[in-house]
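Please read the numbered points alongside the sequence and the model.

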Amino acid sequence: MTTQPTTALSDTELDRLDVLLDRCTDPETGLGNLEMLDGFLSALAVGPVDVELPTVFPAIWGTGEVPRRDERQTREAEALITRLAAEVEQRIRHDPSEENDRESLMPLLGLPPESEGDEDKADGADALDGIPEDFPFAAAWAAGFLRGAAQFEDAWAKWMEDHEAIDNDLGVITRLAIVDPSQLADAEMTAEEMLTLDERFDLTYDLPDMLYDMYLQRLHDRRPAPAKRADVPGRNDPCSCGSGKKYKKCCADQASE
């Protein structure tokens with residue numbers, strides 16, 4: 001996915017896009033919130049397939065009929081999605097080890113609504129204070145990422161087969177996506193592998209590094225392969241043309257004329 005740099009979405013525009021996603025996507029098959037959309041766009045930005053964004057708009061909206069969605073809302077939402085895709089791509093291209101503000105490279109991840117008094121917490125308070133232990137932090141983002149990868153399932157499967165690190169990264173993202181024990185069997189996981197809230201935060205902290213490494217692998221895999229030099233017989237070897245003569249007395253001699 002290649003997008004042109006644009007002005008970053010303001011908080012107001014992000015809120016508007018979130019409303020449009022909730023209003024205009026199919027609740028069962030669409031990407032109904034910003035967090036899931038961010039994960040989806042991240043998969044397109046780092047994956048092995050070059051994607052034209054308009055081709056995946058149907059996957060964002062979902063397959064069901066949504067009576068509240070009209071042409072005006074669709075155009076408005078798709079314009080905002082295009083800008084968000086450019087933001088995601090630019091964010092992923094930054095090396096986290098060279099970035100002073102790591103938070104600026106984090107995906108859009110949701111937290112539970114703050115209760116009264118939470119806004120008055122001390123600056124040094126634990127980031128997990130007040131968050132329920134069973135809150136599925138980053139699960140929607142991970143589910144969106146897996147949806148994005150599933151759009152090009154065969155290419156991703158081959159990529160994972162070729163690169164163990166990609167396979168490992170998808171394993172981490174799959175764990176983040178699981179929020180219910182009923183999902184464990186499909187993922188070939190055990191109950192002991194369900195993540196705690198602390199483990200979710202720890203894994204999520206590494207997402208910028210993981211995405212950057214995927215992006216670098218994508219770039220590396222797209223570099224043109226060097227031209228392979230044709231095997232040339234030694235001067236005293238039989239000529240490859242089948243004449244029975246030595247190469248120096250046959251094709252090599254003709255090539256020098």
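1. The protein chain has 257 residues, of which 37% are buried. The coordinates come from a predicted model, and the points below should be read accordingly.

2. In secondary structure, the protein chain contains 10 helices and zero strands. Its pattern along the sequence reads α-α-α-α-α-α-α-α-α-α.

3. Contacts between residues at least 6 apart in sequence were also examined; 72% of those in the protein chain join residues at least 24 apart.

4. Helix H7 covers residues 164–177. Its 14 residues should span 20 Å at 1.5 Å a residue, and this agrees with the end C-alpha atoms, which are 20 Å apart.

5. Which residues of H7 are buried? They are Ile166, Asp169, Leu170, Ile173, Leu176 and Ala177. Viewed down the axis of H7, the buried residues fall within an arc of 110 degrees and therefore line one face of the helix. In general, an α-helix has 3.6 residues a turn, so residues three or four places apart point the same way.

6. The partners of these buried H7 residues are helix H5 (139–150), helix H6 (153–162), H8 and H9.

7. Two of those partners, helix H8 (residues 197–205) and helix H9 (residues 207–222), also pack against each other, at an angle of about 40 degrees and with their axes 5 Å apart. H8 and H9 are therefore oblique to each other. H8 contributes Leu203, Thr204 and Tyr205 to the contact, while H9 contributes Leu207, Pro208 and Asp209. By class, the residues of this H8 and H9 contact comprise four nonpolar, one polar and one charged.

Methods:
Residues numbered from 1 in each chain as written. Predicted model: local features only at pLDDT ≥ 70, side-chain atom pairs only at ≥ 80, totals over all residues. Heavy atoms only, no water. Axes fitted to C-alpha atoms, helices over the stretch in contact; angles between N-to-C directions. Helix = DSSP H or I, 4+ residues; strand = E, 2+ residues; numbered from the N terminus. Parallel < 35°, antiparallel > 145°, perpendicular 65-115°, else oblique. Contact = heavy atoms within 4.5 Å. Nonpolar A, V, L, I, M, F, W, Y, C, P; charged D, E, K, R; others polar. Expected span 1.5 Å × (residues − 1). Buried < 20%, exposed > 50% of the residue type's maximum accessible area, 1.4 Å probe, protein only. Arc of directions from axis to C-beta.
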